[in-house]
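Take a moment to look over the fold before reading on. The text below walks from the sheet to a loop and then to the pockets.

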Amino acid sequence: SVRQATLEAVTDGLTGLANRRHFDRVLARQVREAAEAGHSLCLIMCDIDHFKQVNDTWGHGVGDQVIRYVATTLRALAPPTALAARYGGEEYALLLPATNPAAAQAVAQELCERVRTRSLSRKSSGDIIGVVTVSSGVASLEGGEAGVSLVKRADACLYEAKRTGRNRVVTDLASQPALTEQSMRR
């Protein structure tokens, strides 16, 4: 029962991913470990595009199904060492320790691709919900940077992806070109 209570304290009840509190703790630890070991640490922040429209059109029950669908897709893509978390509402975080920026960018691109390739429908009625897309932002920890700053940079990239058309990945990695929707379709 103690093990179950501990698991519930760190898990988001809707998605089964790590919750925000657990993410924050692991992020702080991973930032320290990356600095001490001199290895890379990347963060992907992603968000379901036009999620309010899903809730307004289909209701919160279907919205919850969409949230679970994206969470399941994210969990399936996450490497064993990664931490996938529900960051809040329809926003997710994927913390990738010892992962180079190009690999993190590829994971974000694959997430966008996988999510948008499936047309969703209501299980109860068969009504077609349609295709859901996600936007993602990717950032890599810089020397001496705090976790809060890493989140802010990844989040800024996420909002740039939304501002520039959604269904895409934006990165602030100077050495890596940003992925566009066109390059993601290859």
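**Inside the sheet**

Strand E1 and strand E3 (residues 91-97) run antiparallel, and seven bridges join them. Strands here are DSSP runs marked E of at least two residues, helices are runs marked H or I of at least four residues, and both are numbered from the N terminus. Two strands pair if DSSP finds at least two bridges between them. Within this pairing, Met45 stands opposite Ala93 in E3.

A word on the model. It is predicted, so local features need pLDDT of at least 70 and side-chain atom pairs count only at pLDDT 80 or more, while totals for chains, interfaces and linings use all residues. Residues are numbered from 1 along each chain as its sequence is written, and side-chain values use heavy atoms, with hydrogens and water left out.

E1 has another partner. Seven bridges also link E1 with strand E6 (residues 134-140), again in the antiparallel sense. Here Cys46 stands opposite Ser136 in E6.

Now step back to the whole sheet. It is open, has five strands in the order E2-E3-E1-E6-E7, and shows mixed pairing. Strand E2 (83-88) and strand E7 (169-171) are the edge strands, each pairing on one side only. From one strand to the next, the twist averages 20°. Touching, or contact, means heavy atoms within 4.5 Å.

**A covered strand and its loop**

How many residues of E1 are buried? Eight of its eight, across residues 41-48. Buried means under 20% relative accessible area, exposed means over 50%, and partly exposed lies in between (1.4 Å probe, protein chains only). In a regular strand the side chains alternate between the two faces of the sheet. In E1, Leu41, Leu43, Met45 and Asp47 point one way. Cys42, Ile44, Cys46 and Ile48 point the other way.

Follow the chain onward. Asp49 sits in the loop between E1 and H3. Asp49 counts as buried because its relative accessible area is 5%. Beyond its neighbours within four places in sequence, Asp49 is in contact with Thr133, Val134, Ser135, Lys162, Arg166 and Asn167.

A pocket is an open set of points on a 1 Å grid over the protein atoms alone, where a 1.4 Å probe fits, with protein on both sides within 12 Å along at least five of seven lines; lining residues have an atom within 4 Å of a point. Helix H3 (51-58) gives the largest share of its lining, four residues.

The largest pocket holds about 230 Å³ of space. Volume is the space filled by probe spheres set on the points, which are joined across faces, edges and corners. Among the lining residues of the largest pocket are Gln65, Tyr69, Arg118 and Ile129. Helix H4 (60-77) gives the most to that lining, with four residues.

Definitions and conventions
Axes fitted to C-alpha atoms, helices over the stretch in contact; angles between N-to-C directions.
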